[in-house]
Amino acid sequence: MLKLEKYSFGIGDRFTKQGRAQLEALLKANEAGIPFVPVWNKSYREHQIVKSSPSDTWNEATEATRSMNYSGNWYVDADHINLSNVDDFIEHSNFFTLDVADYIGQAADQKEMDDMLKKLSVFSGELTIPGIEDSFQITKSDLEQIVLKFYNAIKEAALIYQHIYSKKGDKFIAEVSMDEVDEAQTPIELFFILAMIDHFDIPAQTIAPKFTGRFNKGVDYVGDTENFRIEFEQDLLVIDHAVNCFGLPENLKLSVHSGSDKFSIYPIIGELIQKHDKGIHIKTAGTTWLEEVIGLALAGGEALDTAKEIYEKAFDRKAELCAPYATVIDIDVDHLPLPEDVNKWSSEKFVNTLRHIPDHPDYDKGFRQLIHVGYKIAAEMGGRYLDQLEVNKEIVGAEVSKNILERHVGRLFG
Ligand SMILES: [Zn+2]
């Protein structure tokens, strides 16, 4: 297997134009002693909406790393794939996020589940996780529930993993994701999920659980940050214990999806991974698309008109655009600014409404989330949108870089 570095940062952008700007931010982080490696992630969903293909992402990463003489490792993540769509990604990816959220709670073969239950029953009774003060009482019924809920999902992850392995051999990194669900997985559930990942011999190096709270796209965390702190720290300790108990890859780490813009929990994540000497993978992508729109709005003139057009069309088609992102956005549609007003806004007003400065009086998280899902509009504009990016590439690229370096990496490792 390829071995993923301790700190990896999921970047990526809808239109493959910000490869260099994103890499530049991580290279500056590297210079400052924060050794993030870049992982260009793009999901099947995004490719479908933009009508791009995995080779475009691969080419973007290749071009960016070559032109900037980047000599470290880099990856292209086939994000949120499953058996029905993974084949398109095989050739042009070296990182695969096996998304099994849809398989959670589906019953599997009873005999197989009974065998799994028998195997896990050694953990019934008092379970102690080193580093967690209180022990956990695990009943037979807890284990039955966990097997019923997760066995089929992990079995599916194994099928996807084996399929990729049969095509690529060991030249890739595997992540298991189950974040796009409503209900968070508890640290104890995570422990048994990892037991099953080991049972099926999936050498996962990252795991993306659903954490407590809302991880809405492009905006800050919504939830109780103290609860998040407790859960996140327990997850770190659970992973450590699972690695020791089951012989999973020793670099196994948490992956935070919809990881962009989670300003209120970055300091917590940064503090805890350093306290426990753990790695992290943070996935962002939508935030870079938003910086493109900010850059265009900043540029003014025709570029500002393009940004306004995206909003107006997104406003008219909000139901359609929001549907694929139902579990990861929260827009109060009654409070969205009306396009007829937005069309009169200055460059400054548009930028301040969109840019993620939480305490700025103009900042509007509904506006920001709607533009987040509005990239389909830009995709439909095609060359007209891409031309604006090209004409304004300096100003857009500067926003993209600054956002990743200062608002993201800077807050994680303050
Ligand atoms: Zn995700």
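Figure 1. The centres of domain 1 and domain 2, taken over C-alpha atoms, are 28 Å apart. Domain 1 spans 7-286 and domain 2 spans 287-410; these bounds come from an automatic or database domain assignment. The contact draws 36 residues from domain 1 and 29 residues from domain 2, where two residues are in contact if their C-beta atoms, placed from the backbone, lie within 7 Å. Helix H1 (19-31) and helix H2 (44-50) are the elements that contribute two or more residues to the side of domain 1 that touches domain 2, and H1 gives the most, with 7 residues. Helices (H or I, at least four residues) and strands (E, at least two) are DSSP runs, numbered from the N terminus. By class, this side of domain 1 holds 14 nonpolar, 8 polar and 14 charged residues. Here Ala, Val, Leu, Ile, Met, Phe, Trp, Tyr, Cys and Pro count as nonpolar, Asp, Glu, Lys and Arg as charged, and the others, Gly among them, as polar. Residues are numbered from 1 along each chain as its sequence is written. Because the model is predicted, local features need pLDDT of at least 70 and side-chain atom pairs count only at pLDDT 80 or more, whereas totals for chains, interfaces and linings use all residues.

**Figure 2. Overall dimensions and content of the chain.** The chain contains 17 helices and 10 strands. Its C-alpha atoms fill a box of roughly 65 × 45 × 40 Å along the principal axes. Buried residues account for 46% of the 414 residues. A residue is buried if 20 or more other C-beta atoms lie within 10 Å of its own, exposed if 12 or fewer, and partly exposed in between, with C-beta atoms placed from the backbone. Of the contacts between residues at least 6 apart in sequence, 79% join residues at least 24 apart.

**Figure 3. The closed barrel.** Eight strands form a closed barrel in the order E1-E2-E3-E4-E7-E8-E9-E10, with parallel pairing. Two strands pair if DSSP finds at least two bridges between them. Neighbouring strands of this sheet are turned by 25° against each other on average, direction ignored; axes are lines fitted to C-alpha atoms, for helices over the stretch in contact, and angles run from 0 to 180 degrees between N-to-C directions. Strand E4 (residues 95-99) runs parallel to strand E7 (residues 173-177), joined by 5 bridges, and Asp-99 stands opposite Ser-177 in E7.

**Figure 4. Two non-glycine residues with positive phi.** Asn-69 has a positive phi of about 50° although it is not a glycine. Asn-69 lies in the loop between helix H3 (54-67) and strand E3 (75-81) and is exposed, with 7 other C-beta atoms within 10 Å. His-80, which is likewise not a glycine, has a positive phi near 55°. His-80 is placed in strand E3 and counts as buried, with 24 C-beta neighbours inside 10 Å.
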